[in-house]
Amino acid sequence: MTVFKSILLHFWKYKYLMLIFLTAFFIFAFGFSQNSGGQAYESEALDLKVIDQSRSEISRGFIDYLSSDNTVEVVDDSTDFGALEEEIFLGISDGIIRIPSNLEERLADAAPAVEVISDQRGMAHLQIENVVNRYFIFLDAEQSTSSEVDIEQMNALLADGVPVELHESVDVASQNNFSYMSTFISFAGYWIMLFLLIIVGNVMSEFNTTELRQRIDVSPMPTRTLMVQMISAQTVIGLFVVCFMLYGGIMLRAGHLEGIPLVKMFVALVLITSFTLSIHYVIGALTTNKFIINGLANFLAIGMAFMSGIMVPLEIMGETAQNIAHYLPLYHFTQIYAEPDISWTDSSFPILIVVLYTAAFLIIGMILENKKKIAS
Amino acid sequence: MVILRMIRYLISINFKDFGYWFWTLCYPLLMCGLFTMTTSSMGGTEIEDIEVGIEPGHPVTEVLGTIDFIVLTELGESEAVDRMKAGEMAGYVHGSTELELLVTETGINQTILQSVLDQIRNVSASGIPFQNFDYDQEYIIPNSQNAEPETVLFYALISMISIYGMFSAIEFVSTVQPNLSLMGARFSASPYSKYKFLFSSVASSLLLNVLSNTVVLSAIAIFYQMSLFTELWSTLLLIFIANMTGIGLGLFIGLIPGINANIKTTFAVIFMITLSFLAGLMGPEIRTIIGENMPWLNTLNPLARMTDTMYRINFLGNYSDYLPTIGLLLAYALLLFGVTLLVLRRKQYDSI
């Protein structure tokens, strides 16, 4: 067990880094958990900034009307307009509505009433138009019907919407539980890849230094024993990280675990760990240069996470990116637990794909390792 | 002349290291290619028609049919539910006595549909004659501000590569410390000035990283056809200052006692990735969450500051935080250089 213990001792040198890595993961995961949804249907609230230069009864009524279904922040004239536009640029805010000081005159002259700044290419813009037009259409209609308009009464009328029901087959609570945990596990998969490729990569680059390799080459230890001990040590670290992350996720969502395929998620994490170790085996056989190891580790982990829809949802990517995603193991990793009620039969195909990828990389690694040995 | 010769030697050592070039050139270029491929259709969202199911013979069929962004299909509830679950339909309108909307998920399309149905219900409930509703009247002065959160990814990447000088700085400090390397022991015993060596190392790291940054930025502009730099010179100055900060960070990390350069490099990679992620390298959402919950973190994070300043000056023409960002980056650099000089000067060892 000399090699096994020696590798674990090498890992121990990185204990603080491992701690930082895991802490950073849980900080991100905790951030995600703050945004989990409710228990019933909720319409999508627009995030709007309103600059009210009119300060009239109509504008106040308009703001009250907007606030009933949306997140509205009324900002001063003195607010940095560039900062508000920046929020739209970053996708934080859906739009800015500027109510001019001469609102009433504009309405009387049948001129456009308010200025709306938003990304006109998106569906949110359509909704802003709908919502704004609805108020002023009703206001005009009320004014042309009776001489005096009771804004409060009109707002009460506008607040009376159609009943919206979620189909009985949809369990919102379970769906939210699943949605959070699914994001958590996908993120954990990505983090495990990054963690193992960087930490194991650097540990093994130390272990693979020329002096050590020469000692290993002349030692009486059979290659098979050496490999078994190396892989066992790496597996122990991998399993420790997997259990730590999964248990952490369960703790974060204690009491909200209904409808989550936890066993399949565990299997997925174990498989992605094996896959990552097999990639590392190939990288280790190719180089001991820490810059190449770090570069490849980052590119493979971030790259696959991007292309597999872990960081940015696949639906909003281009068709080419979506097609490429189907060839990546991390995509199949996410498909193992793709649905709350996914059966083992449905999970078996993505499981098989990840296993095959792992086997393929192991074989490539072995070929490269043998070539290296023959060359030395 | 001695300093120039040392700079040349140090550049030559790094220049011959393929790993260094892979990390500073290939990796950012690969990432750019990846971002270009995955984000090409993120910003260009389009207003699409909303597929809506409706109970056959429902009274609002005619009204809904006149709305140009709604595509109406008459069908039964079970078929509609199947299509909604498959993501092919936003909602199902039904209800004989009262208008009702059935959905299987929450989303912007469902919200728009709900809003349209609300309006139909409000019109009939208001008691106002229908001819008094003027649907042709324009109430909005439209102005567009495109949402392009995907650009944050590119700027976060550029911010990240701007501080890559930290890796050669770590090598330098590890090399110059007599208890960590043979070279350091020789330096310690030689009459060569430590400050000259520090200056040469900073200068060589700066030159190499500026060179690799230039290649990456040129490649982004030429190969990926991206117009990320409308304010080129201001951006280049920012990147140059960030290079100094990166080198300062590397020198500081290199000072951590008792651990070898490998662990320091790994620590630097993790530290840099964490800062980059917080700045938006992992997607704009994380940056937004941090901005909402811990804005101080983005204020102190040099990469987040740089990312923000770059998109502000290049996309929004907003220079309000340009000088504060440069000031912060310079302050970090000076502080870290100062600490390095203090720690390295006149250090003596009982045995090395």
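1. Some housekeeping. This is a predicted model, where local features need pLDDT of at least 70 and side-chain atom pairs pLDDT 80 or more, while totals for chains, interfaces and linings use all residues. Residues count from 1 along each chain as its sequence is written, with chains lettered from A and ligands numbered from 1 in the order written.

2. Residues 20-38 of chain B are 100% helix, with end C-alpha atoms 27 Å apart. Residues 268-290 of chain B are 83% helix and their ends lie 22 Å apart. Helices here are DSSP runs (H or I, at least four residues), and strands are too (E, at least two), numbered from the N terminus.

3. Chain B splits into domain 1 (50-132) and domain 2 (151-344), with bounds from an automatic or database domain assignment. Their centres, taken over C-alpha atoms, are 54 Å apart.

4. What does B:M166 touch beyond its neighbours within four places in sequence? Its contacts (C-beta atoms, placed from the backbone, within 7 Å) are B:G246, B:I247, B:L249, B:G250, B:I253 and B:A268.

5. Now strand β1 (residues 50-54) of chain B. Strands pair when DSSP finds at least two bridges between them. Five bridges join β1(B) to the parallel strand β2 (residues 70-74), where B:E51 partners B:V71. Three bridges link β1(B) to β3 (residues 91-94), also parallel, and B:V52 faces B:G91 there.

Methods
Two residues are in contact if their C-beta atoms, placed from the backbone, lie within 7 Å.
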